Amino acid sequence: MAAREIRWLGISGIIAISLWAWLAWASPVAAAPANRSPLTPEALHDRLEHPQLLDGKPAIDLSHSAIDLRTESLRDAFYQQVTNKLQQERLGLDLRESQIQGDLDIARLGLRAPLYGKALSPLLTPTEQEQLGRDRLRLLQLSRLSRSLLLDEGSPLDWQISVFRGPIALEGLQVSGSLRLANTYFLEPVEARGLNVGGSVVGSLSRFSQGARFSGLAANGVQFRNSLFAGEARFDGVKFAGAALFQSSTFERGANFYRSQFQAIANFSKSRWNASADLTQADWQGEVRFDGASFGGSFYAIDSLFHGESSFRNARFAKPLNLRGATILDEADFTSASFATGAYINVSGLDFDSDRAKLIGSPGEIGRVLSVPVLQGNETVLRTLVRNFRRVEQIADANQLDYTQFKLRQKALQQRLTGVNLNAAKPAVLVATGFSPSQAVAIARTRDQQPLRTVAEMLSIEGVDLATYVKVRDRVTADRSSTPIAWGAIALQWLGTSLLILLSRGGTSAALVLGVGLVAITYFALWFWLVDRLRKLRPQPIIPNPIETLWMTSSAGLFFSIGLATIFQASDRPWLTLTSMGLLIGPLPIALLVNLYRRGRYHDLMEVSYFVENGELRQVQLPIARLPIVPRYHFFRDRFLPLLWDRRWAWLNYYDFSSINLLRIGFSDVRMRDEQLPAEISIVVWYQWSLGLVYIGLLLWTLSRTIPGLNLLIYFG
């Protein structure tokens, strides 16, 4: 009986010890979900011996398991057995829908290799060896430059990399601790959709050769500093509860952060994006840093929300940056950012409050790259940005946006003049424009009920798709009135806007206005000198002497050259600017000059100048409202004497008279006599004086917009 009891106690002890070991491996059993089985040593051994297919390739199947790695002995046993199996065979790792207690270090499961040498060459294909060689050199350089960016200082991985040859599936995996991927070279794709990590994901100095998908990732923090994503990197829908660190990382085939949420700092400084960067609808609640980043593809931040500061200092953009519909609540800094030809920042629909937020960049440069496709719906955006740049004293950028607004207004007016009116065109005309017959009928039926207010409203009509809208939007308009009077009013607005753009860049270029004025003053001065000094050739010639002719023509050539150089430098379309000037000042004076010489001049006072000057004084004058004709009161007439022709400096009087007439500034009170004066000369003088009223208004308006505080001086001076 005693022997039987002893045997029973021995068997019970063995069972108790086995049960304790099993509980230690898979604890807590009660916490494991019903669909996750605890991974016992026996179960691990069985799964290691019977790999399953993962995407058509053999892999160690540890899916739907509850694994406890908190105990050191169990953790070491797990890594040792799995690593031995992976070293013997080229297998993947399947951890889908599993739950891991403690930290998971994927880097420990790969094949260790130094950053130099050919220890792994027999195990890799020639292509993989070539890729590994390039990565080794890159990682070695990075490690030497900045060891502080590695996983842990003094870590044994400092001068080694880990090579993982098979695919990895981490979809739905839950890790209570941290997930470590650092210093690892992944030859196959990494699938980690729905990965949930209680700690942080550490993947610095890793290389994902076939892409990595971390869609829906939830982690306390993410570190992928100096990592290389050779395939597509997907982080869409990720919730970054902690810092997201991607400094100096490279995204070869694009990266997707669609609808991701960054609750702390997001650091992408010195990162490289060789394809498109999709950050659409991302929520940046903390600081955002793209300092020194390089974007080879388009950058999409459509409908994104920037709560904190965002910095793009020294960033380089090869293609457009799209901020359409984005919201900026704090400072956005583009200082020293460079944009390639054709690159710009699309701020259409940007929600930007200049009283709370601030957008800054390199003065004189940032305003040139801000762009909106159409004026309609973006008037508030442009006004807010203009107010922002004026508040930060970047006047050149504010003026550039004003100029952009003028060009968009001109484009809209031109489209209303030449486009097909959706509210009035016949269905046949709509079909010829690009609509299908059914779409034309639907538009006609809709406008009969209620006229369209904007072109974009056609998208609400059944049957009109986005492709049709994109095809015809620049050729149609939605005016409610199509009468000749309305068309004429629009034409006048377009003409005035076009002239403002060509002659002053919409009131934003004082240099262009002054260049236009210098050319006009020189042209009229030359005209007045010619008709005043070249009277007749026979019987007694009245012509200028050769010295005076040389001085006048030389000075006119010099002033014309300065004015033209200024126009070509300041105007976007200098030839159109000169054409518009020619139409304004050319035809009438030339026609009158031809008529004057054709009919000849036979009147009294033929040998006296047509222009007189006030002989009482010489001083700088600003005769804003003075008329160009001599007064009739005889006491005033006594003060005015004809211009002297026998002085070498006499030719300067014609410049003086022309500048007074147009610019309203001069040194002598030169006027036109009212006796024995050909009508052609009188018409040209009054014509220039009338143009001068418009010109001085344009000049003062432009100066008030380009020089801070000058508008107050003009208003209260």
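Here are legends for a handful of close-up views of this predicted model.

Residue numbers start from 1 along each chain as its sequence is written, and side-chain values use heavy atoms, with hydrogens and water left out. Because the model is predicted, local features need pLDDT of at least 70 and side-chain atom pairs count only at pLDDT 80 or more, while totals for chains, interfaces and linings use all residues.

**View 1. The largest pocket.** This one holds about 970 Å³ of space. It has 29 lining residues, and Val-374, Leu-375, Gln-376, Gln-415 and Val-455 are the closest to its centre. (On a 1 Å grid over the protein atoms alone, a pocket is an open set of points with protein on both sides within 12 Å along at least five of seven lines; lining residues have an atom within 4 Å of a point. Points are joined across faces, edges and corners, and the volume is the space filled by probe spheres set on them.) Helix α7 (395–418) and strand β47 (476–477) each supply at least two lining residues, and α7 gives the most, with 7. (Helices are DSSP runs of H or I with at least four residues, strands are runs of E with at least two, and both are numbered from the N terminus.) By class, the lining splits into 11 nonpolar, 9 polar and 9 charged residues. (Ala, Val, Leu, Ile, Met, Phe, Trp, Tyr, Cys and Pro count as nonpolar; Asp, Glu, Lys and Arg as charged; the others, Gly among them, as polar.)

**View 2. The largest cavity.** The structure holds 4 cavities of 30 Å³ or more, and the largest has about 70 Å³ of space. (A cavity is a set of grid points where a 1.4 Å probe fits but cannot get out.) Its lining includes Leu-86, Glu-89, Arg-90, Phe-164 and Arg-165. The tally for that lining is 6 nonpolar, 2 polar and 3 charged.

View 3. Arg-416 is partly exposed at 33% relative accessibility, whereas Asp-479 is buried at 13%. (Buried means under 20% relative accessible area, exposed over 50%, partly exposed in between, with a 1.4 Å probe and protein chains only.)

**View 4. Arg-390 and Asp-402.** Here the closest N and O atoms of the salt bridge are 3.3 Å apart. Arg-390 sits in helix α6 (residues 379–391) and Asp-402 in helix α7, so this pair joins parts 12 residues apart in sequence. Asp-402 counts as buried, at 10% relative accessibility, and Arg-390 as partly exposed, at 31%.

**View 5. Asp-333 and Arg-313.** In this salt bridge the closest N and O atoms are 2.7 Å apart. Asp-333 belongs to strand β40 (residues 331–334), while Arg-313 is in the loop between β36 (310–311) and β37 (316–317). Asp-333 is buried, with 6% relative accessibility; Arg-313 is partly exposed, with 35%. A search of the whole structure turns up 26 salt bridges.

Terms used: Salt bridge = Lys/Arg side-chain N within 4 Å of Asp/Glu carboxyl O.
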